[in-house]
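I'll jot down what I look up as I go.

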Amino acid sequence: MASLAIQAVTFNIRYDCGRDGCNNFSFRKGHILQTIRDRQPDVIGFQEVLPHVMTWLQDHLEQYHVVGCGRGAHYDDEHMAIAYRKDRFDLFALDTFWLSPAPFVPGSRYENQSDNPRICTCATLKDRNFPQPFRVYVTHLDDQGVSARCQGISQVLARMKEDRERLSMPVILMGDFNAHPDEEELRLVGACPFLRDVTSRFPYTFHGFGDESAFEKIDYIFVSSEWAPGEVSLWKDNWDGVYLSDHYPISAQLTLPE
């Protein structure tokens, strides 16, 4: 039996606010599309996907199924989307839960966080030529407060532990955590016995469209012990100052043994 090798990418696509000048989404989207077509990742976890951008991804990423919903009370607002190769994977399960005391109430949130609800999307995928399915969790933690981020990531980790105890399988956790590697939120993830950070060598992932004063490490890919990580890289492409996003997408080559 052959091993399973995939390329997983976390990609904060930057919400289409219309205030980014030459980096407005209208100028970036062609580069985004071509880069994905050229590099052909197997699984992409997107953050900050507004509804019209979700439709654009679904319409233009022909090789992928793009799934997920918005964080708002009516499944609107920013989506936490997962794109997976339609020629390789079957979707066994899909679940979105809100980071709140009421995780299955759309639009719910913790009282001490920003006005924006936060969510986590989980997809269980299976390669058609490999017997072991795996879970992908994608999240975007609160941008305002440490306590809200700690509550949110603790909820995600508790859910992952519960899923693993119910039916153990390899996992990938990725997204924009809005926290630096030495902060409490990341210490909580680091204490999880079955996860490891494959992005630890990068000093920054957010770059503010090339603004060195804004550089910080807030994007991560964590994997469970079943995965053997290979090359991990940042997509630093730019076209005369037009970037893919204000975050560098992170790509990780991951392998499950035979």
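Before anything else, a working rule: I call two strands paired if DSSP finds at least two bridges between them. The helices (H or I, at least four residues) and strands (E, at least two) are DSSP runs, numbered from the N terminus. This is a predicted model, so I note that local features need pLDDT of at least 70, side-chain atom pairs count only at pLDDT 80 or more, and totals for chains, interfaces and linings use all residues. Residues are numbered from 1 along each chain as its sequence is written, and side-chain values use heavy atoms, with hydrogens and water left out.

**Entry: the sheet**

I looked up the strand order first. Six strands make an open sheet, running E5-E6-E7-E8-E10-E9, with mixed pairing. Which strands stand at the edges? They are E5 (89-98) and E9 (195-197); each has a single partner strand, so one side of each lacks a neighbour in the sheet. On average, neighbouring strands here are turned by 20 degrees against each other, direction ignored.

Next I zoomed in on one pair. E6 (residues 119-127) and E7 (residues 134-140) pair in the antiparallel sense over six bridges. Leucine 125 stands opposite phenylalanine 134 in E7.

**Entry: the helix across it**

Helix H3 lies across E5, E6, E7, E8 (171-176), E9 and E10 (219-224), and runs at about 170 degrees to E7. For the angle, axes are lines fitted to C-alpha atoms, for helices over the stretch in contact, and angles run from 0 to 180 degrees between N-to-C directions. Contact here means heavy atoms within 4.5 Å.

I picked out arginine 159, which lies in H3. Is arginine 159 buried or exposed? Its relative accessibility is 16%, so it counts as buried (under 20% relative accessible area is buried, over 50% exposed, partly exposed in between, with a 1.4 Å probe and protein chains only). Not counting residues up to four places away in sequence, arginine 159 touches Asp95, Phe97, Phe104 and Tyr137.

Glutamate 165 is also in H3, which spans residues 146-166. Glutamate 165 is exposed, at 57% relative accessible area.

**Entry: salt bridges**

I searched the whole structure and got 18 salt bridges (a side-chain nitrogen of Lys or Arg within 4 Å of a carboxyl oxygen of Asp or Glu). One joins arginine 159 and aspartate 163 at 2.9 Å, N to O. The two are four residues apart in H3, so about one helical turn separates them.

Another bridge joins aspartate 143 and arginine 118 at 3.3 Å, N to O. This pair links distant parts of the chain, 25 residues apart: aspartate 143 is in the loop between E7 and H3, arginine 118 in the loop between E5 and E6. Aspartate 143 is partly exposed at 40%, whereas arginine 118 is buried at 5%.

**Entry: the core**

Last stop. The largest nonpolar core has 35 residues, and those with the most contacts inside it are Ile6, Phe134, Val136, Ile172 and Trp227. By nonpolar core I mean a set of buried Ala, Val, Leu, Ile, Met, Phe, Trp, Tyr and Cys residues joined through side-chain atoms within 4.5 Å. Strand E14 (residues 250-256) gives the most to this core, with four residues. Leaving aside neighbours within four places in sequence, isoleucine 6 has contacts that include Phe134, Ile172, Trp227 and Leu254.
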